[in-house]
Amino acid sequence: MSRLVMKFGGTSVANVDRIKNVARHVKREVEAGHQVAVVVSAMSGKTNELVAWCKEAAGLYEQAEYDTVVASGEQVTSGLLAIVLNSMGIKARSWQGWQIPILTDSAHAVARIADIPSANLDAAFAEGQVAVISGFQGIHEATGRITTLGRGGSDTSAVAIAAAIKAERCDIYTDVDGVYTTDPRIVPKARRLDKVGFEEMLEMASLGSKVLQVRSVELSMIHGVRTYVRSSFDNPDQPQLGTLICDEEEIVEKQVVTGIAFSKDEAQVSIRSVADKPGVAAAIFGPLADANINVDMIVQNVSSDGATTDITFTCPGADLERAQKVLLDVRETIGYTALETASDVVKVSCIGVGMRSHAGVAARAFQALAEKGINIRAITTSEIKFSVLIDAAYTELAARTLHSLYGLDKAG
Ligand code: ADP
Ligand code: ASP
Ligand code: MG
């Protein structure tokens, strides 16, 4: 019998009515003869509420206790879906991460899956039972403590389980009917893609398209899991397949730019008038790296007087305060005149494997943004993408401008 993993995100299980709708999708696949593992997220908004409660409880808290708290959202939805399925005459039971077990490393709040022994799930399938699994959570075996996989981690649970039980497909059901050229909520002319290559999807996910967690795309690529992104809002009796994440070779229609992503979780730091001499960059970025701050874009101005220069970099918004502290601590060694920060910035990125073979792709974007009066604060490029940092107020205008520029707008 073929096996299937079906994952449902927060809006798809937002209340009991939505969970009943999910059950109809599951029923369809069970009746089609599949052995089904369902992975569920917490109800939408629940994880944010739980995170806020941790912060309210104490400014600084143990990450292991944070995991205990935030993993609870998924426990509720897995139990509720099992209740609904059983009431419809479909044999089902809920599974928490520690019960399967989904074994992870000990990096609380950002844990990585190490192994998923399939024996318990195999036995459940042999009994003709649907396995309803809490996404997002696992267990660190040596300490016996609950872990979570980072925000959006249920996608990763689903793909990892699909690999472990050798499922023929992993369907990620969400509130859009596939992966689009950019976030359809920001750019109404975004087009749904039938297929997206692994590499491009990895870049889109890591540059801010939250439709899939980055790690889930990595696992799908490594284990060759056939992964679709599709809508739980479709009529359960008339299912549409959505977008397949696959090898680049499988894609016929090729564009220079495939997608546009943006990330609002960015902060900019500018260090004014630092000495323009060997070793200064090391003196700045060494301590930031030691403090585990993920520096992304870096711009160093040409020094006009040959003596001093300005250095600008970006880091995740959540790290800004720590970055400032690190730089204040090394102020005497570096000797800058001022430290300026901005957090109302956004990183807009264009992604496409076609950039490998086409020159001047980014230059066209700079021109188009200039014509709209959008100032670029920083730029980075790599083989299949480039990113610009701009004022957050221009996010939509920039995304729409670039979307049209690269011919991505849907017809009509
Ligand atoms: P879930 O709760 O199902 O995991 P998420 O909110 O994590 O859903 O991800 C789905 C959302 O991702 C969509 O509602 C959409 O706004 C956003 N999104 C961002 N970029 C894209 C894209 N390129 N294609 C589709 N959706 C995108
Ligand atoms: N509930 C978790 C979150 O909101 C995991 C997920 O939905 O994928 O991040
Ligand atoms: Mg998600």
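**Figure 1. The residues around ligand 1.** In this predicted model, the residues of the shell around ligand 1 divide into six nonpolar, six polar and five charged, where Ala, Val, Leu, Ile, Met, Phe, Trp, Tyr, Cys and Pro count as nonpolar, Asp, Glu, Lys and Arg as charged, and the others, Gly among them, as polar. Of these 17 residues, Thr174, Asp175, Tyr180, Asp183 and Arg185 come nearest, a residue being near a molecule or strand if one of its heavy atoms lies within 4 Å of it. Polar contacts are pairs of N or O atoms within 3.5 Å; within protein, one must be able to donate a hydrogen and the other to accept it, and residues adjacent in sequence count only if both atoms are side-chain atoms. Oxygen atoms of ligand 1 lie 2.8 Å from a polar side-chain atom of Asp175, 2.8 Å from an N or O atom in the side chain of Arg185, and 3.2 Å from such an atom in the side chain of Lys7. Taken alone, ligand 1 exposes 570 Å², of which the protein buries 89%; accessible areas come from the Shrake-Rupley method with a 1.4 Å probe, and for residues only the protein chains shown count as cover.

Residues are numbered from 1 along each chain as its sequence is written, while chains are lettered from A and ligands numbered from 1 in the order in which they are written. Local features need pLDDT of at least 70 and side-chain atom pairs count only at pLDDT 80 or more, whereas totals for chains, interfaces and linings use all residues, and side-chain values use heavy atoms, with hydrogens and water left out.

**Figure 2. The surroundings of ligand 2.** Ligand 2 is surrounded by Ser41, Ala42, Thr47, Glu74, Phe136, Arg151, Gly152, Gly153 and Ser154, a shell that divides into two nonpolar, five polar and two charged residues. A polar side-chain atom of Ser41 lies 3.0 Å from an oxygen atom of the ligand, while nitrogen atoms of ligand 2 have polar side-chain atoms of Thr47 at 2.8 Å and of Glu74 at 2.7 Å. On its own, ligand 2 has 270 Å² of accessible area, and the protein covers 85% of this.

Figure 3. Eight strands form an open sheet of mixed pairing, in the order S3-S6-S2-S1-S9-S11-S12-S10; helices (H or I, at least four residues) and strands (E, at least two) are DSSP runs numbered from the N terminus, and two strands pair if DSSP finds at least two bridges between them. Strand S3 (92–95) and strand S10 (195–197) stand at the edges with a single partner strand each, so one side of each is left without a neighbour in the sheet. Strand S9 (residues 169–174) and strand S11 (residues 227–231) run parallel and are joined by five bridges, with Ile172 having Val229 as its bridge partner in S11. Helix H4 (residues 72–87) lies across strand S2 (35–40), S3 and strand S6 (130–134), running at about 160° to S6; contact means heavy atoms within 4.5 Å, and axes are lines fitted to C-alpha atoms, for helices over the stretch in contact, with angles running from 0 to 180 degrees between N-to-C directions.

Figure 4. Phe136, in the loop between S6 and strand S7 (137–140), has a positive phi of about 80° although it is not a glycine. S7 and strand S8 (residues 145–148) pair in the antiparallel sense over four bridges, and His140 stands opposite Arg145 in S8.
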